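Good morning, and thank you for your attention. Please look at the model now on the screen.

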Amino acid sequence: MTQLLSVKDLKVNFKTNLGEVQALQGVSFDLVMGEVTAVVGESGCGKSVTALSIMKLLPTPPGCIVSGQVIFDGQDLLLKNEKEMRKIRGGSIAMIFQETNTSLNPTLKVGTQIMEVLQNHSELPASEKKQRALEVISMAGLPDPEMVYKQYPHQLSGGMKQRAMIAMALAGGPRLLIADEPTTALDVTIQAQILELLQELKQNLGTSLLLITHDLGIAAGIASRVMVMYAGKIVESGTAGDIFHDPGHPYTRGLLDSIPRPGQRQKLSPIPGRPPDLINPPQGCAFWPRCGQAMLICRELPPQATNLAGSHQVCCWLTHRYAFNNY
Amino acid sequence: MKKLVQIKNLKKYFKTGRRQVRKAVNDITFDIYRGETLGLVGESGCGKTTLGKIIVRLYKPTSGQVIYDGIDVHKTGSPHNIALNKHMQMVFQDPYASLNPRMTAGEIIGEAIDIHSQGQKGFKRERVIELLQTVGLHPGLSGRYPHEFSGGQRQRIAIARALAVEPDFIVCDEPLTALDASIQAQIVNLLEDLQKQKELTYLFISHDLSMVRHICNRIAVMYLGQVVELASKDELFEHPLHPYTQAVLSAIPAPDPDLETTSRRVILPGEASNTFKLSSGCGFNSRCPKAEARCRQTAPVLSEKGSGHWAACHLS
């Protein structure tokens, strides 16, 4: 269990005309080498902002990292300048995005885009670079690498574009791959292919994966650790078993109850209301206005993370050791 | 059960180039019964939305018929034309695109009433308030514009607009896709409650099979412009006959890590070829793990394999 990346008390704000949006309000977590960690949550909860902050890709302004640390290899990435970050991005940490159409350059051939990565991050002699590019293309499961190398993104289908993006990410030999909703735009059969590919890569190359998704089913299928985010905070984290079999936070339970389960035909019980406005987040726990078990203290003081069994952490007053009614 | 909508040999070809034709809907025949929720699932580009739009007359079919309660809806010069819109409505996928940003919620809903109720002024105001309440929105919000609402609230407005003319049949075209999980459940429950109250019939288009399983009575699976399997929900999930259905069902991610690791996924090779150049034989043969020689030669027809269970496959 070696730590690969550790995020400490990350706070991020966005300046808007209406006020400052507190997108991340103190996010801390560790990623373990060779593991798949999933970040789940609804849109706007800060999943993507977390990933972008790790990569220092936040658009600033309007974004602004207020405080916190991102420790990778013993160094704080947030203190690095743009030139140093460019060495890391695409090298030891790579990222793939949801929208292949906007993240691949439509005017360059796939091969050229992969070679770009190799030119910046690889020590290989120039003669071997093309060989390496073809290698990563076939690692990403694309048929006929020579052909794909010469094609433009628009000549590929949606699933193939996502594979091309994965090939680009692999070219730098990353130790951490951040995947931001990599299958959201894909059909379910193609999604199954891409998830299988990511799992193979983790096994064969030992790459750690930080997977951002809104789909609890995907998280359950691929991740060994799961973090649940709500309104800019991690409200619960633990092994996939902890989260899906023994959820501790009312929000996690609410989410699981609001998706249909195979073989059960009861009425769904949605979480009432909607996520809070992060310009004026509620005092206390951000979830209390929607929580069926909210107590007086929930409205006044934000809960601290409590450790349940093992690495299972829940950020809720109900799990506090002095709480009257243990969840 | 009584047939409400009959779809007969429906075809819709789009001309996309000088010699290119896209066969978006390619000879589809099935019935929708009164009071049921029929799920229509399939990959993007398989023709689900096109089919839905033909049924509510947003598209004209290339050939074939849609018969609503005995009336051929596409017959030109039919005196029922406007009246038919009162019976059939549609709720669209993207609530950010399907509501006019320059009209208030009240105007959006009221417009439908204006067209169909021939000017009873006081009536309209009351009706808008009633509709807003029906879909779970506060009547005080009727003066707000779409951008002031969240995604879930907008979808409620779109549903209220569809309900304004008191339809019997609503085509729901991926009404949940743009929404978050906790909000999806709210809208699903709303649709289910409305169906009970108003005896609605739904055609529920979706790519989310777990949701379709939850809400629908029968499910039709589409692939490349054709219905490849049609059965009751339980029958389809327990005994899928078509290899495509089998693969799709196995690929649904389940929110349970134990189920996920033990169940074996069928991973299909390749992707759906586009509907421009359909090869002879079954459209699925290039990806099918069980394809035989005859699958490449003749296309299978949708036929009843068991009571109420239809499939288009040589092997089942």
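I begin with strand S10 (residues 226–232) of chain B, which is joined by two bridges to strand S12 (residues 309–311) of chain B, the two running antiparallel. Two strands are said to pair if DSSP finds at least two bridges between them. Helices (H or I, at least four residues) and strands (E, at least two) are DSSP runs, numbered from the N terminus. Within this pairing, Leu230(B) faces Trp310(B) of S12(B).

A word on the source: this is a predicted model, in which local features need pLDDT of at least 70, side-chain atom pairs count only at pLDDT 80 or more, and totals for chains, interfaces and linings use all residues. Residues are numbered from 1 along each chain as its sequence is written, while chains are lettered from A and ligands numbered from 1 in the order in which they are written.

Both strands belong to an open sheet of eight strands in chain B, ordered S6-S7-S8-S3-S9-S10-S12-S11, with mixed pairing. At its edges are strand S6 (88–91) and strand S11 (303–306) of chain B, each pairing on one side only.

Next, the chain contact. Chain B contributes 31 residues and chain A 35 residues; two residues are in contact if their C-beta atoms, placed from the backbone, lie within 7 Å. On the side of chain B that touches chain A, helix H6 (181–198), helix H7 (209–215), helix H9 (243–250) and helix H10 (257–262) of chain B each supply at least two residues. Of that side, H6(B) gives the most, with seven residues.
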